[in-house]
Amino acid sequence: MIRSELVGSIPRPDELIVAQRSYRYGMISRNQLNTLRKKAIHTTVQELEATGSSVLTDGEQTKPSFLTYPIYALVDECYTFSANCFALTFSDGHQRSLPRLAKAPFRYAIYAHTYIDEAKKHTNLPIKQAVIAPSALSMVYPEATIEGYSREKFLADLMSEAETDIRECFASGAHSVQLDFTEARFSLKIDPTGQLLREFVRINNRVLSRFEPQLRHRLGVHVCPGADKDCYHSFDIDYLLVLPALFELQVGNFFLQLSSETNRHQILSRIRDLMQPWHKIFIGVIDPLKAKIETPEEVCERVLEAAIYIPVEQLGTTDDCGFSPFDDDQSTSRQIAFDKIRARIQGTKLAEEKLNMMRMKKKE
Ligand SMILES: [Zn+2]
C-alpha cells in the first residue's frame with residue numbers, strides 16, 4: 001500500500017482568524033477564543049477524514065506558527081526583536097522573524113503533545129504531529145554571548161526541550177512525529193558553503209540520536225523552499241545541493257516537496273542514490289501555492305514517475321508543504337486545501353492499482 005500523509009497545516013476558518021485578532025486586541029476572552037479553536041479542530045479533523053486520509057493532523061489550527069509555537073508565549077518576557085534577528089525572507093519581500101533570546105535559560109512554554117491531546121478527542125484515526133526542528137530554534141541565540149549562559153549551555157537546553165517535545169508526542173499516542181526543517185534549503189542562501197546546513201544537521205542529529213531505533217522509524221523530516229502567502233523563500237536554491245546533508249538525518253521518513261520542481265527526474269535519481277533500505281520517501285504531488293486543483297490522474301502520473309526511481313514499498317505521497325504554516329495566512333481557502341488532499345488520496349490509490357497490475361503482468 002502506498003501511504004499518503006499531509007505535512008500538517010490547514011487554513012483556519014475565517015471566524016477563528018477574526019477571533020485570534022480580536023483576542024490580541026483584548027476584545028474577546030481567552031475562553032471565547034478557546035471555544036472557537038476547539039470547534040475549528042473538530043471540523044478540520046472531520047473534513048480531513050472525509051477526504052479519505054488514513055492519517056490525520058489537527059490542521060495546526062492553534063499553533064501560532066510551525067516555527068515559533070514552543071516559545072511564542074515567552075516572547076514578551078524573554079526575547080527581543082532587532083535588525084539582526086534570523087528571518088525567512090520570501091520572494092515578495094515579506095519576512096518571518098525569529099526573536100533573539102535575551103533572558104536565560106532557554107525553555108519551551110508549550111509542547112506539541114497538547115495538540116494531539118485535543119485532536120484525538122475528535123477522531124479514532126492515527127494522528128501525525130509536526131514539531132519544529134531544533135536547528136531552527138538554535139537561531140534564537142544571539143551572536144554576542146549571553147553573560148553566564150554560553151552557546152553550549154543553550155544548545156544543551158535546546159536539545160533537552162526538543163527531545164521532550166518529541167517524546168511527549170509519542171507518549172500522547174502520535175502515529176509519527178515530523179521535524180519541520182524548512183531552513184535546510186534556506187540556509188544555503190545565507191551560507192552557500194554549506195557549513196550552516198551541516199551545523200543544522202549536526203544539531204538535529206544530536207537530538208535524533210537519543211531515540212531508540214524503533215522510534216526513529218516513526219520519526220520524519222519535512223523540507224521545502226517555503227510556502228507562505230503564496231511565496232517561496234528559497235526556490236532559487238538548487239535542491240540537489242540540499243539532499244546529501246538531508247539524508248544524513250537519523251529519521252525513517254522523508255516528506256519532500258517535489259511537485260513544483262521542473263527537474264524532478266534528476267532529483268528522484270539523486271534521492272535513489274542517497275536513500276537507505278529503511279527509509280520511506282513521501283514525495284510531494286500537490287502544490288499548495290497553486291490555486292488550480294490537481295486531478296487524481298495528474299497525481300497518479302507523478303507517483304508512476306517516482307516509482308521508476310523509488311521501490312514501491314518505500315514510496316509514499318504528500319503535499320509539497322503545509323497549506324498555512326503561519327496562523328494568519330489566508331492565501332489558500334480551506335475548500336481548495338481539502339480538494340487538493342482528496343485528489344492526492346485518490347491519485348495515490350489509482351497509481352497503486354496501476355502499479356499492482358503492472359506487477360501481476362510481470363509475474364505472468
Ligand atoms: Zn514546508
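1. Where helices α1 and α2 meet, Glu15, Leu16, Ala19 and Tyr23 of α1 are in contact with Gln32, Leu33, Leu36, Arg37 and Ala40 of α2; as throughout this note, the model is a predicted one. The two helices, α1 spanning residues 14–24 and α2 spanning residues 30–50, pack at an angle of about 155°, and their axes are 10 Å apart. Since angles over 145 degrees count as roughly antiparallel, α1 is therefore roughly antiparallel to α2, and the crossing of α1 past α2 is left-handed.

2. The sheet is open and has seven strands with parallel pairing, in the order β1-β11-β10-β9-β8-β7-β6. Because β1 (3–4) and β6 (128–132) each have a single partner strand, they stand at the edges, and one side of each is left without a neighbour in the sheet.

3. Within this sheet, β10 (residues 280–286) and β11 (residues 315–319) run parallel and are joined by five bridges, with isoleucine 283 having threonine 317 in β11 as its bridge partner. Helix α13 (residues 334–363) packs on the sheet, where it touches β1, β10 and β11, and its direction makes about 125° with that of β10.

4. The largest nonpolar core comprises 89 residues, of which Val131, Ile132, Val221, Val223 and Leu256 touch the most other members. Helix α8 (residues 195–208) supplies the largest share of this core, namely six residues. Beyond its neighbours within four places in sequence, leucine 256 is in contact with Val223, Ile281, Phe282, Ile283 and Gly284.

Conventions: Residues numbered from 1 in each chain as written. Predicted model: local features only at pLDDT ≥ 70, side-chain atom pairs only at ≥ 80, totals over all residues. Pairing = 2+ DSSP bridges. Helix = DSSP H or I, 4+ residues; strand = E, 2+ residues; numbered from the N terminus. Contact = placed C-beta atoms within 7 Å. Axes fitted to C-alpha atoms, helices over the stretch in contact; angles between N-to-C directions. Core = buried A, V, L, I, M, F, W, Y, C linked by C-beta atoms within 7 Å. Buried ≥ 20, exposed ≤ 12 C-beta atoms within 10 Å, placed from the backbone. Parallel < 35°, antiparallel > 145°, perpendicular 65-115°, else oblique. Left-handed = near helix turned anticlockwise from the far one by under 90°.
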